[in-house]
Amino acid sequence: MAFEGMTEAQAANEATTLRAKLNKWADEYYTYDSPSVEDAVYDQTYQRLVALETQFPQIVTTDSPTQKVGDHTLPGFTKVPHEIPMLSLGDVFSKEELGDFVNHLTTSDDVPFNYNCELKIDGLAISLKYENGILIQGSTRGNGQIGEDITRNLKTIKSIPRKLTRPINIEVRGECYMPKSSFAALNEERQNNGQAPFANPRNAAAGSLRQLDSRVTARRKLSTFMYNVANYDDLQTDTQSGLLEELKSLGFTINPSYQVAHSMADIDAYVDKYQELRDGLAYGIDGIVIKVNSLPLQRSLAATVKVPRWAIAFKFPPEEVQTVVRDIEWTV
Ligand SMILES: NC(=O)c1cc2c(=O)c3cc(F)ccc3oc2nc1N
């Protein structure tokens with residue numbers, strides 16, 4: 001990141017702005033456990049400041065976040081490499097795009113029209129690793145390749161089984177979320193004791209999971225819906241819908257509102273149904289996930305670098321939740 005043609009004064013000026021942002025975000029994170037930006041934004045901003053101060057050493061100040069001892073990434077959680085990357089879903093925003101995705105897949109790759117429709121829970125993606133049926137590690141998605149070890153916090157969540165009904169080795173992925181009722185109660189409590197409220201249940205879940213003190217996490221009434229398996233081999237089922245039932249039989253909580261679709265009309269009906277029911281659900285959803293139902297076909301379709309070819313997210317417009325407008329002065 002070279003700063004061609006930048007004068008020292010300009011560098012000093014930008015460094016001052018970056019330091020203020022980083023200090024504010026760190027303060028939000030440590031003091032109010034409600035960071036207003038994702039870690040990746042914090043890290044990118046930090047790296048830019050380091051590059052600026054490296055190129056213009058004379059602008060370094062003693063109070064710069066770069067001068068603090070220790071690792072600049074938010075501490076407290078060890079990093080966890082995901083042997084099988086935790087990818088994100090590709091998004092579509094209209095039924096036409098959704099139809100294009102499904103029809104393209106079904107015709108070109110000889111995929112029978114057999115899709116599993118699921119609610120897209122608006123939470124934080126997590127991965128749970130079990131050995132001989134015992135929970136040994138829980139982690140966040142992180143950047144998809146490297147997550148954070150939050151085992152101790154996930155163990156406080158009642159819907160996450162410590163021990164499965166069968167002693168198998170399995171890595172299961174799903175969503176950790178905060179029910180709407182818990183979110184409302186938490187924000188009321190925070191406002192009563194002068195803390196900044198969380199903007200939405202997703203931020204509240206993220207802030208609650210990255211608590212260094214698990215007792216705080218335990219009080220946050222988080223829950224989970226699991227939906228995927230990283231290593232399929234131990235499973236007896238060969239469909240996505242069957243996988244959900246198998247996860248349930250192992251002791252996981254799955255979202256019961258899934259439905260197999262055999263036509264575009266089925267998919268459209270499911271989308272319309274849950275666009276209607278959305279506001280009345282006990283948890284936030286930000287869309288629908290449509291997946292090829294056959295697991296062998298999922299595997300053969302695999303993924304591009306970033307997203308699976310066998311699944312798509314149909315995104316709803318943002319829900320009209322009454323959130324407190326945060327004084328977000330910064331745009332990165
Ligand atoms: N938020 C969700 O409720 C939800 C999320 C995902 C994913 O993020 C996801 C990511 C992949 F690379 C593959 C499948 C997935 O399936 C998923 N299924 C769901 N129901």
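Colleague: Which strands each supply at least two residues of the shell around the ligand?

Modeller: This is a predicted model, where local features need pLDDT of at least 70 and side-chain atom pairs count only at pLDDT 80 or more, while totals for chains, interfaces and linings use all residues. Residues are numbered from 1 along each chain as its sequence is written, and side-chain values use heavy atoms, leaving out hydrogens and water. The strands you ask about are β3, β8 (223-229) and β10, strands being DSSP runs of E with at least two residues, numbered from the N terminus. The largest share, four residues, comes from β3.

Colleague: Which residues come nearest to the ligand?

Modeller: Among the 14 residues around the ligand (a heavy atom within 4 Å), they are Glu118, Ile121, Glu175, Asn228 and Lys291. A backbone N or O atom of Ile121 lies 2.8 Å from a ligand oxygen atom, a backbone N or O atom of Leu119 lies 3.2 Å from a ligand oxygen atom, and a polar side-chain atom of Glu175 lies 3.2 Å from a ligand nitrogen atom. Taken alone, the ligand exposes 420 Å², of which the protein buries 93% (Shrake-Rupley method, 1.4 Å probe).

Colleague: In what order do the five strands of the open sheet lie?

Modeller: Strands of a sheet pair through backbone hydrogen bonds, either parallel or antiparallel. Here the order is β2-β11-β10-β3-β9, with mixed pairing (at least two DSSP bridges between paired strands). The edge strands, β2 (91-92) and β9 (259-261), each pair on one side only. Strand β2 pairs with β11 (residues 311-315) in the parallel sense over two bridges, and Asp91 stands opposite Ala313 in β11.

Technical notes. A polar contact is a pair of N or O atoms within 3.5 Å; within protein, one must be able to donate a hydrogen and the other to accept it, and residues adjacent in sequence count only if both atoms are side-chain atoms.
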